[in-house]
Amino acid sequence: MSNWGARVKKVEQLAQSFQLNPLTTPYKPRLWLCQPASTWKLFPRQCMAISFAQGCKEAVHVFALEKEQTPPGQRIYLVTSYSELWYYYRTYPQSLMHCYEVIPEGAVCKLYFDLEFHKPSNKGSDGKTMVALLIQYVCDKLLEVYDVKCSAKNVLNLDSSTEEKFSRHLIFSLQNAAFKDNIHVGRFVHAILQPVLTKGRSGSCLDDGVNSVAKDGKPGPDAVSPQMKRCKQGKEDIGFLRIKSKDGQDCLFVDLGVYTKNRNFRLYKSSKVGKNAAFTLAEDNKLIPKPEKRISVEESVFLASLVCNVSFTGQRILTWDVPDMNKSQIPVPLCTQGLASTSGYPLPQEISLSYILTLDEDDQAYLMDDAGNIELSQTPQSTVCPEKTPDGWGDERDDQDYLDSLEDFEQSGGEISDQLLLKCVADFDSQ
């Protein structure tokens with residue numbers, strides 16, 4: 001009987017160890033039989049999420065989440081598929097109500113605009129009319145420069161206005177055409193708005209708009225690109241885009257700061273932290289997405305609102321070239337620095353073995369429970385005494401030796417073949 005009691009105690013200790021130190025993340029089933037296995041992973045840093053998404057075989061994307069009662073600007077980054085995000089988005093609207101799409105650097109995307117003005121400072125401005133005029137102007141320029149036809153029926157018009165602020169998002173769903181990335185979108189937008197930018201008065205924030213055109217590879221006022229030669233300037237009056245800021249300065253109706261790499265763009269049905277104004281379909285929206293099989297009308301609107309939700313079949317890629325661009329000044333993507341090489345493709349540092357082994361336990365400790373609450377996991381330290389731990393369960397000395405060996409190998413510039421990695425996995429499984 002005493003031996004039986006010892007065996008029960010040993011099993012209880014082992015069960016406790018597994019509970020405190022799970023080997024894998026909780027299993028999540030497929031939402032539908034025809035869809036791939038579920039992917040839902042949270043990260044504390046954007047670069048880690050992007051690196052993980054780039055290494056996934058599934059079609060996953062990166063989103064940013066904000067939580068109530070957290071420091072301003074602090075965000076959690078989620079990697080999942082569009083369909084799975086929508087499933088939990090409508091199931092747990094309270095915990096996912098502050099959600100942003102991350103527009104990855106270099107990703108093909110739609111043409112998009114962020115429009116806003118302070119209503120008390122612009123009492124004579126008619127927001128709806130300004131939006132309609134801007135859409136028509138942009139459609140004319142797309143036809144003029146790229147020979148791409150579109151109208152208001154190709155533009156998803158989202159509204160999150162309040163009594164104090166007029167706010168819209170415009171997402172252009174062009175037929176068989178998309179931009180190379182959001183940097184090219186920004187160049188195009190800057191170029192077609194040159195007439196109003198160059199008329200800004202000294203000391204106004206319109207001057208900042210002109211100066212920002214020459215930064216980050218965007219064409220300056222004097223730059224002449226092939227597309228600029230086809231873009232006829234000065235014929236249309238776009239003075240309606242000039243507005244007053246809250247402090248009375250001359251500003252632009254179009255936010256020119258949303259065309260940067262890895263930009264976070266607020267989602268349909270999401271609001272900012274501390275605000276109740278979520279994006280909904282505007283009254284003057286004319287784009288009505290056609291639902292596909294097994295997709296509701298509401299989900300179709302959600303999918304149409306995603307800037308990077310672009311089909312790669314038969315797409316014409318639109319670009320805006322920069323003349324005499326110094327290629328040596330192109331910034332190196334943040335997530336491709338510090339690579340550990342293999343015989344296949346180089347792995348970003350954020351998913352190399354030596355990096356993963358040195359991660360702080362609190363670094364990836366965000367979890368979503370069954371109720372949809374996203375919290376920082378406070379995993380308690382194991383209360384099992386070392387001398388009572390079952391034989392063969394963990395060896396700190398071996399772990400440190402493995403870590404030292406990996407660091408020495410990577411610093412020496414060695415290369416691990418795929419065959420060797422597979423052999424190590426097979427040997428480990430056979431033990």
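**Exercise 1. The residues between them**

Which residues of α3 and α9 meet, and what classes do they belong to?

*Solution.* 
Step 1. From α3, list Y82, S83, L85, W86 and Y89.
Step 2. From α9, list E298, E299, F302 and L303.
Step 3. Sort by class: the contact has six nonpolar, one polar and two charged residues.

**Exercise 2. The sheet under α9**

Which strands does α9 touch, and in what order do the strands of that sheet lie?

*Solution.* 
Step 1. Write the order: β5-β7-β6-β12, an open sheet of four strands with antiparallel pairing.
Step 2. Place the helix. α9 packs on this sheet and touches β6, β7 (165-172) and β12. Its direction makes about 100° with that of β6.
Step 3. Check one pairing. β6 (residues 155-159) is joined to β12 by two bridges. Here L158 has L281 in β12 as its bridge partner.

**Exercise 3. The five-stranded sheet**

Give the strand order of the five-stranded sheet and find the helix that lies across β1, β2, β3, β4 and β11.

*Solution.* 
Step 1. The order is β1-β3-β2-β4-β11, an open sheet with antiparallel pairing.
Step 2. The edge strands are β1 (40-43) and β11 (263-266).
Step 3. From one strand to the next, the twist averages 35°.
Step 4. β1 pairs with β3 (residues 76-80) over four bridges. L42 has L78 as its bridge partner in β3.
Step 5. The helix is α2 (residues 46-54), which runs at about 10° to β3.

**Exercise 4. Confidence**

Where does pLDDT stay under 50, and how should such stretches be read?

*Solution.* 
Step 1. Start with the whole protein: the mean pLDDT is 78, and 66% of residues reach 70 or more.
Step 2. Residues 209-219 stay under 50, with 26 contacts beyond four places in sequence.
Step 3. Residues 380-393 are also below 50, with 16 contacts beyond near neighbours in sequence.
Step 4. Where pLDDT is low, predicted coordinates should not be read in detail.

How values were computed. Residues numbered from 1 in each chain as written. Predicted model: local features only at pLDDT ≥ 70, side-chain atom pairs only at ≥ 80, totals over all residues. Heavy atoms only, no water. Pairing = 2+ DSSP bridges. Axes fitted to C-alpha atoms, helices over the stretch in contact; angles between N-to-C directions. Contact = heavy atoms within 4.5 Å. Nonpolar A, V, L, I, M, F, W, Y, C, P; charged D, E, K, R; others polar. pLDDT = per-residue confidence, 0-100.
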